Amino acid sequence: MLKVNEYFGGKVKSIALQTATLPATIGVMEAGDYEFGTSQKEVMTVVSGSMDALLPGATEWATFNQGDSFEVAANVKFQVRMAGQTAYFCTYE
């Protein structure tokens with residue numbers, strides 16, 4: 001069964017699913033700045049749009065465009081910001 005999640009007053013929406021090998025979410029973020037915490041290792045892929053991320057231990061923001069991915073370790077916080085609507089696919093390990 002699909003589970004719909006909504007965060008930041010509805011500005012971030014995702015649908016949880018089970019892939020053949022890993023749990024995942026696919027969703028959309030409105031323009032804005034957000035901070036997320038992880039409980040598992042995450043691999044985030046930008047499906048549409050672009051996303052800037054300040055990853056744990058980094059001092060500078062990195063830009064990820066359509067097709068780009070980045071990893072975030074378990075039990076950390078990271079920040080993302082979007083200039084416009086951005087779609088993503090995220091797997092959890």
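## The largest pocket

In this predicted model, the largest pocket holds about 370 Å³ of space, where a pocket is an open set of points, on a 1 Å grid over the protein atoms alone, at which a 1.4 Å probe fits and which has protein on both sides within 12 Å along at least five of seven lines. Grid points are joined across faces, edges and corners, and the volume is the space filled by probe spheres set on the points. The lining consists of 21 residues, a lining residue being one that has an atom within 4 Å of a point, and Y7, S14, T25, E42 and Y92 are those that lie nearest the centre of the pocket.

At least two lining residues come from each of β1 (3–7), β2 (12–18), β3 (23–29), β4 (32–37), β5 and β10, the strands being DSSP runs of E with at least two residues, numbered from the N terminus.

## Basis of the model

Residues are numbered from 1 along each chain as its sequence is written, and side-chain values use heavy atoms, with hydrogens and water left out. Because the model is predicted, local features need pLDDT of at least 70 and side-chain atom pairs count only at pLDDT 80 or more, whereas totals for chains, interfaces and linings use all residues.

## The sheet

Six strands form an open sheet in the order β1-β2-β3-β10-β5-β8, with antiparallel pairing; two strands count as paired if DSSP finds at least two bridges between them. The edge strands are β1 and β8, each of which pairs on one side only. Neighbouring strands of this sheet are turned by 25° against each other on average, with direction ignored, the axes being lines fitted to C-alpha atoms and angles running from 0 to 180 degrees between N-to-C directions.

Strand β5 (residues 42–48) pairs in the antiparallel sense with strand β8 (residues 69–72) over four bridges, and in this pairing M44 stands opposite F70. The antiparallel pairing of β5 with strand β10 (residues 86–92) runs over six bridges; in β10, Y88 is the bridge partner of V46, and F89 is that of T45. In a regular strand the side chains alternate between the two faces of the sheet.

## Salt bridges

The structure holds four salt bridges, each defined as a side-chain nitrogen of Lys or Arg within 4 Å of a carboxyl oxygen of Asp or Glu. K41 and E71 meet through their side chains in one of them, at 3.4 Å from N to O; since K41 lies in the loop between β4 and β5 and E71 in strand β8, the pair ties together parts that are 30 residues apart in sequence. K41 also forms a salt bridge with E93, the closest N and O atoms being 3.7 Å apart, and because E93 lies in the segment after β10, that pair ties together parts that are 52 residues apart in sequence. K41 counts as partly exposed at 28% relative accessibility, E71 as exposed at 52%, and E93 as partly exposed at 46%, where exposed means over 50% relative accessible area, buried under 20% and partly exposed in between (1.4 Å probe, protein chains only).

The side chains of D52 and R81 also meet in a salt bridge, at 3.4 Å from N to O. D52 lies in strand β6 (residues 50–54) and R81 in strand β9 (residues 77–82), so this pair ties together parts that are 29 residues apart in sequence. R81 is partly exposed, with a relative accessible area of 30%.

## Residues with positive phi

Most residues other than glycine have a negative phi. F8, although not a glycine, has a positive phi of about 50°; F8 lies in the loop between β1 and β2 and counts as partly exposed at 38% relative accessibility. N75, likewise not a glycine, has a positive phi of about 60°; N75 lies in the loop between β8 and β9 and is exposed, with a relative accessible area of 63%.
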